[in-house]
Amino acid sequence: MSFPIRLSRFRGTPAIRSLTAETQLSAADFVLPLFVSECIAGSRPISSLPDVSQYDLSSLVEEVRSCVAVGIKAVMLFGIPQHKDSRGTAAHDPEGIVQRAIRALKSEFSDLVIMADCCLCEYTDHGHCGIMTESGLDNDETLKILQAVACSYAEAGADVVAPSGMMDGMVASIRTALDQADFTSTLILSYAVKYASHFYGPFREAAGSAGNFKGDRRHHQLAPSQRMEGIREAELDVAEGADMLMVKPAGLYLDMIRDLRERTLLPLAAYHVSGEYAMIKAAAKAGIVDEYEAFNETFIAIKRAGAGLIITYYAKEFLTK
Ligand code: PBG
């Protein structure tokens, strides 16, 4: 039988497949989230997130050493402080756990890109992402604290601050504060399109923010139904001076990654979140999927959709397999 095109010609051998592969993953695509705790000595596994641990300062440095050795080029820090209060004061303590971690990592690993999550939910005793009043979350009061947090991270040496609280105006106010304090080269990675997702559950244990948290985040995070509104969030963050944008969660929101890729020129990150990670781990443990292959396919899909950076708890394991 003769007909002009047989696409299977492209699939006949591994060499041809690899020569014509449109999407490839490499170490530079990944950002590894890490939890640094002031409340433990050594490291402690997180039961909701298989194979992920919290670290104290010195075990964090050792963990990062082994990550750098397998090719990790960027980390995203989350802090678990000893002290929590209604205003999340520990989040901008110059001697806070994240600030100390940034300094320790910067002095050991000069080529590592250090990102720090900029939100109050790990630092407030009520677990909300900002300052609470009788009528709910006070967006603009929260911005003042986020400015202080971002400046304290920049002062400690963070390359990238990543506001994740979905406050209105967070990018503009953080940019202003950073510039006024002369941190003009600190980048802002905005969690621009962040959904109020059920897939953050395991993170809340990991970050110690579950304990007292009784509310929900639907007042400030996007509803899963919202596509146009998500695009507007991203456009606003671009206008406010964001350097990079993020879509979160990643795997369920590939359409949003593609939408942003087609509409903006900024580097684009996607966060494969705790629940997405834990589901694949659980399925692999139950013998339902091959763990590496399931993650590999997921990451290819995220990159193919348009993300240049993939934030994932599996980054180190992925690069060692
Ligand atoms: C907020 C923050 C959260 C995550 C990252 N930053 C939790 C939330 O918004 O409730 C979730 C990440 C994950 O689930 O892996 N500081």
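Student: Is M166 buried or exposed?

Tutor: Please note that this is a predicted model. M166 has a relative accessible area of 4%, so this residue counts as buried. M166 lies in the loop between β8 (160–163) and α5 (170–180).

Student: What is the phi of M166?

Tutor: The general idea is that most residues other than glycine have a negative phi, and most peptide bonds are trans. In this structure, M166 is a residue other than glycine with a positive phi, near 55°. D182 also has a positive phi, near 75°. The loop that holds D182 runs between α5 and β9 (187–194). D182 has a relative accessibility of 64% and therefore counts as exposed.

Student: Which peptide bond is cis?

Tutor: The bond from K248 to P249 is cis, and its omega is near -10°. P249 belongs to the loop between β10 (244–248) and α8.

Student: How should I read a nonpolar core, and which residues touch the most other members?

Tutor: In soluble globular proteins, nonpolar side chains tend to be buried together. Here the largest nonpolar core has 105 residues, and those touching the most other members are F35, M76, L77 and Y153. Helix α4 (residues 139–156) supplies the largest share of this core, with nine residues. Beyond its neighbours within four places in sequence, L77 has contacts that include L34, L60, V98, I102 and D117.

Student: How many disulfides does the structure hold?

Tutor: The number of disulfides is zero. For C118, the nearest cysteine sulfur is that of C119, 7.9 Å away. A pair counts as a disulfide when the sulfur atoms are within 2.5 Å, so C118 is in none. For C151, the nearest cysteine sulfur belongs to C118, at 9.2 Å, and C151 is in no disulfide either. C118 is buried, with a relative accessible area of 0%. C151 also counts as buried, at 16% relative accessibility.

Student: At what angle do the axes of helix α7 and helix α8 cross?

Tutor: Two packed helices are described by the angle between their axes and the distance between the axes. The axes of α7 (residues 228–239) and α8 (residues 254–263) come within 10 Å and cross at roughly 40°. Therefore α7 is oblique to α8. The crossing of α7 past α8 is right-handed.

Student: Which residues make the contact between α7 and α8?

Tutor: From α7, the contact is made by G230, I231, A234 and E235, and from α8 by M256, D259, L260 and R263.

Definitions and conventions. Residues are numbered from 1 along each chain as its sequence is written. This is a predicted model: local features need pLDDT of at least 70, side-chain atom pairs count only at pLDDT 80 or more; totals for chains, interfaces and linings use all residues. Side-chain values use heavy atoms; hydrogens and water are left out. A nonpolar core is a set of buried Ala, Val, Leu, Ile, Met, Phe, Trp, Tyr and Cys residues joined through side-chain atoms within 4.5 Å. Buried means under 20% relative accessible area, exposed over 50%, partly exposed in between (1.4 Å probe, protein chains only). Helices (H or I, at least four residues) and strands (E, at least two) are DSSP runs, numbered from the N terminus. Contact means heavy atoms within 4.5 Å. Axes are lines fitted to C-alpha atoms, for helices over the stretch in contact, and angles run from 0 to 180 degrees between N-to-C directions. Angles under 35 degrees count as roughly parallel, over 145 as roughly antiparallel, 65 to 115 as roughly perpendicular and the rest as oblique. A crossing is left-handed if the near helix is turned anticlockwise from the far one by less than a right angle, and right-handed if clockwise.
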